Amino acid sequence: MSVKLVRHPGGRSRNWYVDVSVPAAFQKLVSTQRVRRSTGTPDRTHALTQAARIEARLRSEWERLAAPPPERGSPGKPTTLTPALIDRICARRMADRAHSDCRRITEGVDDAEEAEIGAHGEAGEAAIRAVLAGAPKARTRQLVVATATEYAEQVGYIIEPDDPLLSHFVHAFSRTGRVTHEVIAVRNKADDAPGSPVADASGERLSAMVPVYQAHRKGVVDPKSVSKDISIWQRLIAFIGDVPLDDMTSGDLYRFLEDRLHSPDDGWSQGYVEGHAKRALRAIFALARTRGLMQADNPVDRLETTPKLPKKAQQERLKPRYPYSTHQLNVLFSSDWYDPSATHWRGKMGTDLAGRYWGPLVSTCHGARVREVVQVVNSDFTFDGDALLVTFQTALPDNDATRKLPPRTLKNAAACRTVPVHPKLLELGLGDFVRDMQAQYPPGTPLFPSAIPNPDGKAPLWGRAYEEAFLRHVRDTLAFGHGYGNHSFRHQLEDRVRDAQASHGTWPAGLGEFVSGRRLPRDADRDIFREQSSAIAYGNGFLAAHIQRFVAQIAFDGVVFPPVYREWLTCRTATNHQ
């Protein structure tokens, strides 16, 4: 590979990017021929240094993925014995003996080798008898322990001398040895002895669950979520080895999660370990058991505790999400994001003025997730007298236009909701804009053309251009820093919902969560939001017309909004004619 610095193709970032050509040997692993990463700096000298680090990190990751996984554990990492693992090692020992017997029959041995085998067998038999009798001499037991643990290490299992099941393993290994010695003794007498016992089938290994889980989740959740879960599973394989599913223990998972927590480069946060990582692992093991690929208990269910980071380290690992302040909203609404005559916007965001104008405003007034905003279509809006209602949903009308669109997605069932449009958006002209869209285009037409993904893409995602452009704008151009992005609209809205209840009285139970599309209130809101009963699981939620007065209580004191949409558009027209 070679370091090559390039500018952003759309010119939307001042930072240098490193463009890396993926070697042919790795292209199948990463499903691409080129990788582009931001160096995070506009300084070329500094960018070259960062580019070299990015290149080295990528090569290291690809080489790790390309390397065959160890049978058990990473080099130097001890293995915790389990009854299933003891049976596995002993069965492997028998299989090795069967292979040795086969070679002896097909290739033959000379007199000296025959004598050596006999002498070794007699000595081993004596040590084994002593161990099985239960009172071996110290040196005899040490000999058998060394023999057993050395063999285990040869097949990929490093066993600690203080392992709680070491004695059980030594006895099981001795019993296995006794059977093999009996076979040798019979063969040495040229009698018609049965063949050596062979190992049982090892069972399906961890890697077998990758295609099974992908097929199980395909079409149920978005591809990004499946890829995220599979990435966790593949990290487990890289750490523990591609071992049989039935061999996995809670101790293995503890060591894996501990390693991920303390990784110096890309360590997971405490919340990720105890939340998404555990859920993904539990789901994949549960699927293995349901599909009959695993007989042992789900090891995640036996993980009674998880490794912990010190509180200071936990805080450092957190990826904060901050709400926009009133000042930051004013900075945004007065920035060149809201300059319709700005010429530096490239690609889709250079032409989709409706997306640039309404995207942040709908997010501000409704706290909608970015995907909820960018995938709205004209038929998601209905007029009820003076009220305008919007439905955040995945369904689309069935017509020629919508059949070409990729599916819409929502985070969860609670995100599907119909709410009255906030009065501030009506003041800014959203109602007129929606009427024009409904009059000019068939039902199901996206409000924002830039949000339509390429349906032929590998993973079409609504609004990717908008999402990435907006994040760069607030993080780099406006210098709001990390922790601010599209999600910050959601957090500021929830704060305003809380303030509305403090000023006007507590809302009906569950209404605050319904408005923002959240299943349960945040921890910060539990003291002010009324507790929901099990009734939330029934019906379709609140009638939009009945909650209009509550939505109107959400105030934006101090926020200076941009001009009304039609007036805002004339600014570009006037500028273009100058």
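Contact here means heavy atoms within 4.5 Å. I take helices as DSSP runs of H or I with at least four residues and strands as runs of E with at least two, numbered from the N terminus.

The model is predicted, with pLDDT of at least 70 needed for local features and 80 or more for side-chain atom pairs, while totals for chains, interfaces and linings use all residues. Residues are numbered from 1 along each chain as its sequence is written, and side-chain values use heavy atoms, with hydrogens and water left out.

**Entry 1: α8 and α9**

I looked up which residues of α8 meet α9. On the α8 side they are Ile 232, Arg 235, Leu 236, Phe 239 and Ile 240; on the α9 side they are Asp 252, Leu 253, Arg 255, Phe 256, Asp 259 and Arg 260. By class I noted six nonpolar, no polar and five charged residues. (Nonpolar covers Ala, Val, Leu, Ile, Met, Phe, Trp, Tyr, Cys and Pro; charged covers Asp, Glu, Lys and Arg; the others, Gly among them, are polar.)

The two axes come within 10 Å and cross at roughly 105 degrees. Axes are lines fitted to C-alpha atoms, for helices over the stretch in contact, and angles run from 0 to 180 degrees between N-to-C directions. α8 and α9 are therefore roughly perpendicular. (Under 35 degrees counts as roughly parallel, over 145 as roughly antiparallel, 65 to 115 as roughly perpendicular, and the rest as oblique.)

**Entry 2: aromatic pairs**

I counted rings of Phe, Tyr and Trp (its six-membered ring) as paired if their centres lie within 6.5 Å, with planes under 30 degrees apart called stacked, over 60 edge-to-face and the rest tilted. The count comes to 29 aromatic pairs. For Phe 239 and Phe 256 the ring centres are 6.0 Å apart and the planes stand at 50 degrees, so this pair is tilted. Phe 239 belongs to α8 (residues 223-240) and Phe 256 to α9 (residues 250-261), 17 residues apart.

**Entry 3: α12 and α19**

α12 (residues 326-333) packs with α19 (residues 487-504) at about 135 degrees, the axes being 12 Å apart. These helices are therefore oblique to each other. I noted the crossing as left-handed: the near helix is turned anticlockwise from the far one by less than a right angle, where clockwise would be right-handed. Thr 326, Leu 329 and Leu 332 of α12 make the contact with Phe 489, Gln 492 and Arg 496 of α19. Three of these residues are nonpolar, two polar and one charged.

**Entry 4: the sheet β1-β2-β3**

Strands count as paired if DSSP finds at least two bridges between them. Three strands make an open antiparallel sheet in the order β1-β2-β3. β1 (5-6) and β3 (34-38) are at the edges with a single partner strand each, so one side of each has no neighbour in the sheet. Five bridges join β2 (residues 17-21) to β3 in the antiparallel sense. Opposite Val 18 I found Arg 37 in β3.

**Entry 5: the sheet β4-β5-β6**

Here too three strands form an open antiparallel sheet, ordered β4-β5-β6. β4 (381-384) and β6 (417-420) are the edge strands, each pairing on one side only. From one strand to the next the twist averages 25 degrees.

Which residue is the bridge partner of Phe 392 in β6? I found Arg 417. β5 (residues 387-392) and β6 share four bridges.

Helix α17 (residues 430-440) packs on this sheet and touches β4 and β5, with its direction at about 115 degrees to that of β4.

β4 and β5 are also joined by four bridges, running antiparallel, and Thr 382 has Leu 389 of β5 as its bridge partner. Two residues lie between the strands of this hairpin, where Gly 385 takes a positive phi near 70 degrees.
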